Amino acid sequence: MHEWECTGFFTPEIDLDKLKKKGKILVIECPQRIPCDVCREVCPTNAIIMEKISDVPTLNEEKCVLCLKCVENCPGLAIFLLGVEGEKGYMVVPYEFLPIPKEGDEVKVLDRKGKEVGRGIVKEVRMGDTPLVKVEFSPDILKEARGFKT
Amino acid sequence: MPRIREHPILDFKWSERKKIKFTFDSEEIIGYDGDTIASALYASGKRVIRRSFKYHRPRGLFCGIGQCSSCLVKVNGIPNQKACVTPIEEGMVVESQGSIPSAERDLLSLLDALELKHGIQYEKFLGPKFLRPLYFKLFNFVLGSGNVKEEVPKVKFSEGYYPEKEVDVLVIGGGPAGICAAKASAECGARTLLVEERDRIGGELLKQTHKFFGSRRYYSGMRGFRIADVLSKELEKSGAEVMVNTLAIGYLDGKIGVCRDEREFSLVKPKCIVVSTGATERTLMFENNDLPGVMGAGGVQTLMHLYGVKPGEEALIVGSGNVGLILAYQLLQAGVEVKAVIEILPKIGGYFVHAAKIRRMGVEILTSHTIKRAVGRKEVEGAEIVKVDENLREIEGSERFIECDLICLAVGMSPNIEILRQMGCEVVYIPELGGFVAKHDENMETSRAGVFVAGDSSGIEEATTAMIEGEIAGISAALKSGKGRKEHEERREKLKMLLEEMRDNPFGERVVIGKKKMWGA
Ligand code: SF4
Ligand code: SF4
Ligand code: FES
């Protein structure tokens, strides 16, 4: 039994050096075998590898063009974009609550347990079936930050 | 009024909807076009709908879909109507049963000291004879079963002639499995009829706001209620006939009796039948589990998503399977605070990604915890939860009080198999499939030739597999009735492979084990 099966959160390794070098990376936090292939099916470049429908998705970073289609469509809301821009870190996350924040709003940045780990500023909101929100914050919390509250 | 004014996914279009007035225990209640009695009452803060037979305990909604009888009321003089499935009408007179002056402040509960029990009128108070009818009326009233008004016309079943309809395939139940069965059957060229007891088809899908998992072919990535729309349209295209508000009452001599709008009775004579009647929510044993505010997860979803009612302010969810986890997320979306999701087993029952979604919003999931009692006088004011050890026994001294006004039970479902039993299908008990199920083979055919099952009524699983099973059952039924071609047979084989693939994970394993047990039984 994995610990995350009991707690509902897990902390995968994230290579911050690589992130800083590349500027932005896609993170898939879907460690369990479930019958779902949405990310693979929506990806325009076949960057998500999954042989059978219940396999755990893995990313072929070479192929990924960071179009965020998978982030928007994943029913588990388990895919995120992390990035660094100058002195700042940021995340792009799906958000399905009201009110939908506006550019410039200050929000509480939450970790995987819903604990506040800092403040962030909303930089961009992309409306769609699931709105995607870009929140900027201190790069120190890139490993923890996975959600926010208005 | 606790209505959901704004919702991130759904639009209830309140401003376009007509207001409808009716009375409940002489008090004026205002609901909206599309409300049932129960949803309008709940939205007006009336949670106590009736009193129980024996001890006049307050009772409210539980299942919200007409399956539990927790919500019986008197409507325009006719007793024992289910408030949760009766649409409101202007000027309707709704009264609670077995209570004076109202369900909320019931003076008759004072009589409880006398230990009057339901049915006492058949045991005691039998003489003198001329007083008997009076006693009957009195006790029917006091004990809450109500008296039927003289002017209610009695339906005479014995003298009637009923219209009869012949079809190739009759599908009973219009949820995801039933729709896919009817569609597949019609596409094979079989004359197909689908009957659905509610006013629209879609079943479980109508209540789901989240995007579905599963295979792309079965609309994964689309939100549940939208899948219902798409499927309805596809069903229409397929040429299958659909009858809503139609209840399949029973089976006799190769015919199924169906009743539309509670009055039009007719017979259907099918060559084959697909039963996709879904499942009923289970309850759990604990003190005060009948208190208004203790509801089934599906009932809560129905209130929120079909009627736009905010079901409470603070909720506790019992059960961390996918239903419980998804419900927690949906409650958050409706603006309800979720105090915790508790799970008696040491590990979370549903998908990790669903759990992570609510954890991220700060909802605690307490594994190895169960509910000890609901607390409250007339409705839920809190819950006492307790830790359990590895043998699932309560650990004394670990009790904790959680303040909440809603307790949602997401503790599993039982397949609805009544009509299958009546048809004489062999029934076996398979815990992995949710309890008693009709034994069926890979083509979904039961022990009775020509009778098929699909979806939750064949074993509790989830919507995507229900749709695939439905399609398999629909093709099988059509083939058996002499319709369909080789290509349909081939499609069925492909579907079986897809089903296998869908179950090739820790969640599907349980079902695979269950089905194997069933074949061996
Ligand atoms: S971001 Fe776009 S390209 Fe990259 S994996 Fe997701 S869908 Fe594919
Ligand atoms: S779409 Fe999301 S939930 Fe489904 S497999 Fe991909 S990452 Fe996992
Ligand atoms: S029958 Fe109405 S709540 Fe269950």
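I began with the meaning of a patch: residues with over 30% relative accessible area and no salt bridge, where like charges are joined within 9 Å and nonpolar side chains (Val, Leu, Ile, Met, Phe, Trp, Tyr) within 5 Å. A salt bridge is a side-chain nitrogen of Lys or Arg within 4 Å of a carboxyl oxygen of Asp or Glu. Accessible areas come from the Shrake-Rupley method with a 1.4 Å probe, and for residues only the protein chains shown count as cover.

I noted that this is a predicted model, in which local features need pLDDT of at least 70 and side-chain atom pairs count only at pLDDT 80 or more, while totals for chains, interfaces and linings use all residues. Residues are numbered from 1 along each chain as its sequence is written, chains are lettered from A and ligands numbered from 1 in the order in which they are written, and side-chain values use heavy atoms, without hydrogens and water.

**Entry: surface patch.** I found a nonpolar patch on the surface formed by B:I344, B:L345 and B:L392, with about 220 Å² of accessible area together. I placed B:I344 in the loop between β17 (337-342) and α7 (352-360) of chain B; helices (H or I, at least four residues) and strands (E, at least two) are DSSP runs, numbered from the N terminus. B:I344 counts as partly exposed because its relative accessibility is 31% (buried is under 20%, exposed over 50%, partly exposed in between; 1.4 Å probe, protein chains only).

**Entry: helix α9 of chain B.** I checked residues 463-480, whose 18 residues should span 26 Å at 1.5 Å a residue; the end C-alpha atoms are 25 Å apart, which agrees. The expected span is 1.5 Å times one less than the number of residues. Since 16 of the 18 residues of α9(B) are buried, this helix is largely enclosed by the rest of the structure. Just after α9(B), I saw that B:G482 takes a positive phi of about 95°.

**Entry: A:E29.** Is A:E29 buried or exposed? A:E29 is buried, with a relative accessible area of 6%. I located A:E29 in the loop between β1 (24-28) and α3 (38-42) of chain A. Its side chain makes polar contacts with the side chains of A:R112 (3.0 Å) and A:R146 (2.9 Å). A polar contact is a pair of N or O atoms within 3.5 Å; within protein, one must be able to donate a hydrogen and the other to accept it, and residues adjacent in sequence count only if both atoms are side-chain atoms.
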